[in-house]
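Here are a few exercises to work through with the model open beside you. Try each task before you read its solution.

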Amino acid sequence: MDETLLKKSVIDVINANDRGTHTVPAEKLYSHQWLWDSCFVAIGLRHMNIKRAQHEVLRLLHGQWANGMVPHMIFAKGDQHRRDRELWRSYVSPFAPDHLYTSGITQPPMLAEAIVRIGEKMNLADRRNWYQTVYPGLLHYHQWMYSDRDPHNESLVLSLHPYETGFDNTPPWIVSMREHSMPFWITALEKLKLESVVTLLRRDTRYIPPGQRISTIEALAFFSALRRLRRKAYNTERILSRSLFAIEDLAVNCIAIRANQHLQDIAKTIRRKLPDELTQDIARSHDALDELWDASSGQYYSRNFVTHKLILEPTVATLLPLYSGAITKERAKQLVDLLHSKQHFAAKYPAPSVPLNSTYFDPLRYWQGPSWININWLVADGLTRYGYSKEALMLRQKSLELVAAHGPYEYFSPLDGTPAGARGFSWTAALILDWLS
Ligand code: GLC
């Protein structure tokens, strides 16, 4: 497919998923607005219609909580969505907005990146206006991250549910959940092999083959972890009491570090000074990232917030310190070597969401093997800034090839490119459009 046709086809998908005020990730399977999805979508939309891209971001801020958190989902209106809204019951928190329904947790802080990318398409005067409009909300969000989600002042942000990372069933969270957040009744169901009864109630597997998603046992454990957050009214202090299920997630922290740099640039452009406390956290977060490095395996990992132990389950997140921009050139080189290594990420269609030699590797199962276009985009962005333009171009080229051959699916097999998950997936379409523009 030539690039003009490819461009047209991804634009068609973005338009089809546009609900006027926001873009849904995909028809049927995902009918609400998701935080990091919309940020990636806005990065593509800016090439089609700047105003529409701005609205995508403003709608996210419209759902912001009074404590500064930007929620990971804003629910669609209408009777058919009542069940989703009731599942989260964000109204149990005094901080949730009254004017719309949201989930009670956040997602990777891609907001600043989206804001800056939109700003890049404007002249200086318009850019300043844009930044002035979004600055208070963005600042409040970053302050919330380093106050509410960094209670021990470590300059690493903690996450409370796998959904907060966007990497739902990524191995380190699955391992931790089995260890620290598995109610006896779920273990009993598993032992008695009764989960098939519950499988019938699942909605995702109505649209997607079960082998591409999380297992029913994992889905139940996710649900149970969510119910606990809800019971504690989404209050971080209460949630952390008597729980070991809190993780300083590698991907979230790499994205947060890059987002902080963007926030600083935004503040500079509109001549504002960031509060001192946040400036200190930002400065310290670079060293803090180093604590997630394991010298013996030469990789980065997520860390349990309470025990401070690294969760030594490798994933593609190990490449995201490139995107953070906070590592040395030597470290960057070590990560590039992993990208070239046949045991790790050098698949035919990189970058697999877990390394090829991981015991979890399964080419079509969601975040346990498939290649995702948003991860390729983030890693490529980091590679470019570290001077690895050849590798960045390779990731771009392979991603374009996949989408040209199959359409903008949610994820792809790294082994042979088989498309999987939702078809007509918004962020895949939007990031391909960004690369083509
Ligand atoms: C899945 C993905 C998550 C994404 C959401 C909506 O849950 O794991 O990252 O935000 O779908 O597309």
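Two strands count as paired if DSSP finds at least two bridges between them. Helices (H or I, at least four residues) and strands (E, at least two) are DSSP runs, numbered from the N terminus. This is a predicted model: local features need pLDDT of at least 70, side-chain atom pairs count only at pLDDT 80 or more, and totals for chains, interfaces and linings use all residues. Residues are numbered from 1 along each chain as its sequence is written, and side-chain values use heavy atoms, with hydrogens and water left out.

**Exercise 1. Work out the strand order of the open sheet formed by three strands.**

Step 1. Begin with β6 (residues 302–304), which pairs with β7 in the antiparallel sense over two bridges. In this pairing, R303 stands opposite L310 of β7.

Step 2. The edges are β3 (247–248) and β7 (310–311), each of which pairs on one side only.

**Exercise 2. Describe the shell of residues around the ligand.**

Step 1. List the residues with a heavy atom within 4 Å of the ligand. Among them are P25, W34, W36, Q107, G166 and F425.

Step 2. Sort the shell by class: eight residues are nonpolar, two polar and two charged. Here Ala, Val, Leu, Ile, Met, Phe, Trp, Tyr, Cys and Pro count as nonpolar, Asp, Glu, Lys and Arg as charged, and the others, Gly among them, as polar.

Step 3. Look for polar contacts (pairs of N or O atoms within 3.5 Å). Polar side-chain atoms of D168, Y366 and Y30 lie 2.7 Å, 3.1 Å and 3.2 Å from an oxygen atom of the ligand, respectively. Taken alone, the ligand exposes 310 Å², and the protein buries 96% of that (Shrake-Rupley method, 1.4 Å probe).

**Exercise 3. Which peptide bond is cis?**

Step 1. Recall that most peptide bonds are trans.

Step 2. Check the bond from P350 to A351: this one is cis, with omega near -5 degrees. A351 lies in the loop between α16 (329–340) and α17 (373–385).

Key. Near = heavy atom within 4 Å. Polar contact = N/O pair within 3.5 Å; in protein donor to acceptor, adjacent residues only side chain to side chain.
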